[in-house]
Amino acid sequence: MNITVLYGTESGNSELIAEDLGAKLRETHENVDVFDLRDFEPAELSAEKFYIVVCSTHGEGDLPNTALPFAERFDENPPALEGLRYAMFGLGDSFYDTYSQGSEQLDRRFAERGATRVGEYGRHDASSWDLPSDIALEWLPGVIVAAGL
Ligand SMILES: Cc1cc2nc3c(=O)[nH]c(=O)nc-3n(C[C@H](O)[C@H](O)[C@H](O)COP(=O)(O)O)c2cc1C
């Protein structure tokens, strides 16, 4: 199954994670794409593919810059996502009350349109000592198993 990794970022951490996940997936899978959400149309979402969404949080629990246009286009013309499966990895900082809520905004949108989240909800906390990609690469195998990829 084709895998598309989508990321929304403001300062680059989510992009780094998405590229590292994409590189790891390409070791074992063909047809792995990585896109910035800014360059991805909601209408392109397809149940024929599996999606991994990586998204940070900015402002006060808001979406990061590159996810904003995607969310606007999504809301203007909500796609039908029945049968689509995806995994979610959120970045944030537990210093904030709004910890990791940027990714949750996307997760809500996907769920409301009928998509199904697979595997554990991945998270990276900028207040921890953990490197974002280390946490994401530890999280990935569970998703691959849960999704049967
Ligand atoms: C100005 C600013 C506001 C932030 N607001 C939040 C927030 O409301 N909630 C949260 O969990 N993290 C917040 N963060 C933390 C970021 O989500 C975290 O640093 C993340 O790793 C950034 O990923 P990115 O480089 O992909 O944007 C904020 C960071 C900055 C610099």
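Which residues is Val53 in contact with, leaving aside its neighbours within four places in sequence? They are Leu6, Tyr86, Met88 and Leu106, where contact is defined as C-beta atoms, placed from the backbone, lying within 7 Å.

## About the model

This is a predicted model, in which local features need pLDDT of at least 70, side-chain atom pairs count only at pLDDT 80 or more, and totals for chains, interfaces and linings use all residues. Residues are numbered from 1 along each chain as its sequence is written.

## The nonpolar core

Val53 also belongs to the largest nonpolar core, which has 36 residues. A nonpolar core is a set of buried Ala, Val, Leu, Ile, Met, Phe, Trp, Tyr and Cys residues joined through C-beta atoms within 7 Å. Buried means that 20 or more other C-beta atoms lie within 10 Å of a residue's own; exposed means 12 or fewer, and partly exposed is in between. Val5, Leu21, Ile52, Val53, Val54, Tyr86 and Phe89 touch the most other members.

Two or more residues each come from strand E1 (2–8), H1, E3, helix H2 (68–76), E4, H3 and helix H4 (132–147). These names follow DSSP runs, numbered from the N terminus, with at least four residues for helices (H or I) and at least two for strands (E). E3 gives the largest share, six residues. In soluble globular proteins, nonpolar side chains tend to be buried together.

## A look at Phe50

Phe50 is found in strand E3. Why does Phe50 count as buried? Because 23 other C-beta atoms lie within 10 Å. Beyond its neighbours within four places in sequence, Phe50 is in contact with Met1, Ile3, Arg85, Tyr86, Ala147 and Leu149.

Helix H3 (residues 101–112) has 12 residues and reaches 16 Å from its first C-alpha to its last, close to the 16 Å expected; the expected span is 1.5 Å times one less than the number of residues. Its buried residues are Gly102, Ser103, Leu106, Asp107 and Phe110. They lie on the same side of H3 because they cover an arc of only 135° around the axis, taken from the directions from the helix axis to the C-beta atoms.

Strand E3 (49–55), strand E4 (85–92) and strand E5 (116–117) are among what covers these buried residues. The face turned away from the buried side carries the exposed Arg108 and Glu112.

## Around the ligand

The ligand is surrounded by 21 residues, and the closest are Ser11, Asn13, Ser14, Ser56 and Gly92; a residue counts if its C-beta atom, placed from the backbone, lies within 6 Å. Helix H1 (13–26) and E4 each supply at least two residues of this shell.

Notes:
Contact = placed C-beta atoms within 7 Å.
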